[in-house]
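The sequence and structure come first.

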Amino acid sequence: MRVKEIFNSDFAVYYEKFINRLSSPVQVNRWRRALIRGALSVVPEPEVIVDFCSGAGNMGELLLEEKPGVKILNCDISKPLLHLARERLENSGYYICSDNRFFPLRNSVVDVLFSSFCVRNSPEPYLTVSESLRVLRKGGVWAVLDFFKPNKGDMLFKLNNYLFKSFMNLSRLITKSKEAIDYLFESIENFFTMSEFVALLNKSGFRVLAAQEFMGGVAGGVIAIKEVENV
Ligand SMILES: C[S@@+](CC[C@H](N)C(=O)[O-])C[C@H]1O[C@@H](n2cnc3c(N)ncnc32)[C@H](O)[C@@H]1O
């Protein structure tokens, strides 16, 4: 599977250790923080927290700033990235190599589930949505951050999208990994728009509480509550 190979490659580790480390404080950490605050505003004292597609623990690191001492279950398909997460989070949680179509969890046990840049990478996004619903308890929160398929043509979006694509093309030159950046652009084109995703959640047993655009709509964050009893 192409995605699995990309995220298990040396490129992924290099990208996480250097490029993401330098670039995240400029923009993406602001989006991650907004997601964390949105989730905690609904469930202020979560006991069971899962970060699916945790990668190298970027979300967990910020969550620990907001809520020192919490334990996070980090799930990802990439062992090298989970290893980085374990180092970064100083072992403050659990680390399971798993696929986002099959969550290694019982029904209705999770208070807060984070999925940042995760659903778009799923080979079967509908399955990832139904797994997310299955593992959350009623009233639990799914906090999703992603690059949704654009459906905007205004100047603010065009300018931000140009900046985003230029940065990614620069990363392609630095890392010499054409395939990974090509895959990123393709995956965005093949993904849901944010409004399609919100509609899907609202008809799948969630109630979307907030949907926020970042960088003029280049990225988006969604906070959804599980409304139904066990599924
Ligand atoms: C762009 S990174 C995002 C990591 C992290 N959530 C963040 O905000 O930095 C995408 C992550 O999704 C993981 N991933 C991709 N496909 C996956 C799958 N099918 N199941 C589980 N994880 C997957 C990758 O290994 C990678 O760590």
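## Overall form

The structure is a predicted model. The protein chain contains 9 helices and 7 strands. Its radius of gyration is 17 Å, close to the 17 Å given by the globule rule for 231 residues, so the chain is as compact as a globular protein of that length. Along the principal axes, the C-alpha atoms of the chain fill a box of roughly 45 × 40 × 35 Å.

Of the 231 residues, 37% count as buried. Among contacts with a separation of 6 or more, 69% are between residues 24 or more positions apart.

Strand β1 (residues 49-52) pairs with β2 in the parallel sense, over 4 bridges. In this pairing V50 stands opposite L73 of β2. Helix α5 (residues 79-88) forms a right-handed β-α-β unit with β2 and β3.

## The shell around the ligand

The ligand is surrounded by 18 residues, the closest of which are F7, C53, G55, S78 and N100. By type, the shell divides into 8 nonpolar, 8 polar and 2 charged residues. Helices α1 (2-7) and α4 (58-66) each supply at least two residues of this shell.

## Two residues with positive phi

Most residues other than glycine have a negative phi. C53 has a phi near 65°, a positive value in a residue other than glycine. C53 is found in the loop between β1 and α4, and is among the residues closest to the ligand. With 25 other C-beta atoms within 10 Å, C53 is buried.

F117 also has a positive phi, near 55°, and is likewise not a glycine. This residue lies in the loop between β4 and α6. F117 has 19 other C-beta atoms within 10 Å, and therefore counts as partly exposed, since a buried residue needs 20 or more.

## Helix α6 and K226

Helix α6 spans residues 125-135, and its buried residues are T128, V129, E131, S132, L133 and V135. These buried residues pack against β4 (110-116), β5 (136-146), α9 (194-202), β6 (206-214) and β7.

K226 lies in strand β7 (residues 219-226). Is K226 buried or exposed? K226 counts as buried because 26 C-beta neighbours lie inside 10 Å. Leaving out residues up to four places away in sequence, K226 touches L133, L136, R137, K138, G139, G140, G205 and F206. One of these, L133, is a buried residue of α6. From M155, K226 is 71 residues away in sequence and 36 Å away in space, C-alpha to C-alpha.

Conventions:
Residues are numbered from 1 along each chain as its sequence is written. This is a predicted model: local features need pLDDT of at least 70, side-chain atom pairs count only at pLDDT 80 or more; totals for chains, interfaces and linings use all residues. A residue is near a molecule or strand if its C-beta atom, placed from the backbone, lies within 6 Å of it. Ala, Val, Leu, Ile, Met, Phe, Trp, Tyr, Cys and Pro count as nonpolar, Asp, Glu, Lys and Arg as charged, and the others, Gly among them, as polar. A residue is buried if 20 or more other C-beta atoms lie within 10 Å of its own, exposed if 12 or fewer, and partly exposed in between; C-beta atoms are placed from the backbone. Two residues are in contact if their C-beta atoms, placed from the backbone, lie within 7 Å. Two strands pair if DSSP finds at least two bridges between them. A crossover is right-handed if, with the strands pointing away from the viewer, the path from the first strand over the helix to the second runs clockwise. The radius of gyration is taken over C-alpha atoms; the globule rule is 2.2 Å times the number of residues to the power 0.38.
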